[in-house]
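Hi everyone, thanks for making time. I'd like to walk you through one structure today, so please have a look at the screen.

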Amino acid sequence: MADGPAPKRRREEAEAAPGPAAPFPLGSVRLRRLLRDSAREKAAFVHGQVVGPAGEETDAVLILEKTPFQEEKIEELLRTHTRLELQMRNDIYSTYRLYPPPALSEIKATVVYPATEKHLQKYLRQEVHLIRETWEDYKNITLPFIQSQSFSIQWVYNILEKKAEADRIVHENPDPCNGFVLVPDLKWNQNQLEDLYLIALIHRRDVKSLRDLTAEHLPLLRNILQEGKEAITKRFGVPGSQLRIYLHYQPSYYHLHVHFTALGYDAPGISAERAHLLEDVIDNLLLDAQYYQKRALTFALRADEPLLKKFQEAGRV
């Protein structure tokens, strides 16, 4: 099924998370429902409620994800107190359940707390619909919707102003017009390169998405492409030819950003109806300075997305 416009785990969740002085009270969580599970991502999305001292209940979303294998721990996994339970054997083939020790059974937990109804709906399993958005649709439906939304992107500004995650910055071009900050995405724990995932956040605040891009932004986009690849190669040893570099439309938040993922990683949101390769975007703007103000764009919306309702009300679905 196509990915909807909201990614499954993204950096904006960090703004709701408690700081180091107030760890999340996992032991006080009451399970309410499983919002969604993903066999492909080995992840579960859980709605829980934290019970406070006075018995009050506050919603939370917990995203539980099995972390990728780390090559240096494979031998330890096979040799150290790991129990095998035979399930099936047929000739040379056999299947087992493997029970590793706790130290080798890590689960990454991303917490949205306190969570709003918007967060709960975002992670709930939904049907998906394809939208073909013309430029007129964007001006009359999508843009007014974006302008009416209350989702905060203060966490983006905190990174750009180095009020948060300053120690995680991999590269920065400080130019206020054509510069950006490159940081690891929260989906990547940085323990292995197979699921490498970084985000480039532009410094300027007047570009919301692909729809705003014109030839004026080519220097910015070229900087992101070239400097981003060089920084990742220098820091992580991954060459540019093994990176997938793209933008989302619709994006999950309306401050222009570019995704850098390992080419072999089946990252969320890389489907044809959502991902636009950065080099293709640059080529399109070279062909036509207002390419993205002229062409229709296709994207997927989940059944509960308010934007889908706007398109339905306008008779466009």
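I'll start with a residue picked out in the record, then its neighbour, and then move to a helix.

Please keep in mind that this is a predicted model. The UniProt entry, which is unreviewed, lists His257 under "active site". Where does histidine 257 lie? You'll find it in strand β12, which covers residues 257-262. Is histidine 257 buried or exposed? Its relative accessibility is 5%, so it counts as buried, the cut-off being under 20%.

Who surrounds it? Setting aside residues up to four places away in sequence, histidine 257 touches Ile199, Ala200, Leu201, Leu247, Pro251 and Ser252. There is also a polar atom of the histidine 257 side chain lying 2.8 Å from the backbone oxygen of histidine 255.

Now for valine 258, also found in strand β12. This one counts as buried because its relative accessibility is 0%. Beyond the residues within four places in sequence, its contacts include Leu198, Ile224, Tyr246 and Leu278. Take isoleucine 224: it sits 34 residues away along the chain, yet the two C-alpha atoms are separated by 7.9 Å.

Let's move on to helix α3, residues 135-148. Its 14 residues reach 19 Å from first C-alpha to last, close to the expected 20 Å. The helix bends by about 35° at threonine 142, and proline 144 follows within four residues. Threonine 142 is among the buried residues of α3, along with Asp137, Tyr138 and Phe145, to name some. And what covers those buried residues? The cover includes β7 and α7.

Definitions and conventions. Residues are numbered from 1 along each chain as its sequence is written. This is a predicted model: local features need pLDDT of at least 70, side-chain atom pairs count only at pLDDT 80 or more; totals for chains, interfaces and linings use all residues. Side-chain values use heavy atoms; hydrogens and water are left out. UniProt positions are given in the numbering used here, feature names are shortened, and annotations may be inferred rather than shown by experiment. Helices (H or I, at least four residues) and strands (E, at least two) are DSSP runs, numbered from the N terminus. Buried means under 20% relative accessible area, exposed over 50%, partly exposed in between (1.4 Å probe, protein chains only). Contact means heavy atoms within 4.5 Å. A polar contact is a pair of N or O atoms within 3.5 Å; within protein, one must be able to donate a hydrogen and the other to accept it, and residues adjacent in sequence count only if both atoms are side-chain atoms. The expected span of a helix is 1.5 Å times one less than its number of residues. The bend at a residue is the angle between axes fitted to the seven residues ending there and the seven starting there.
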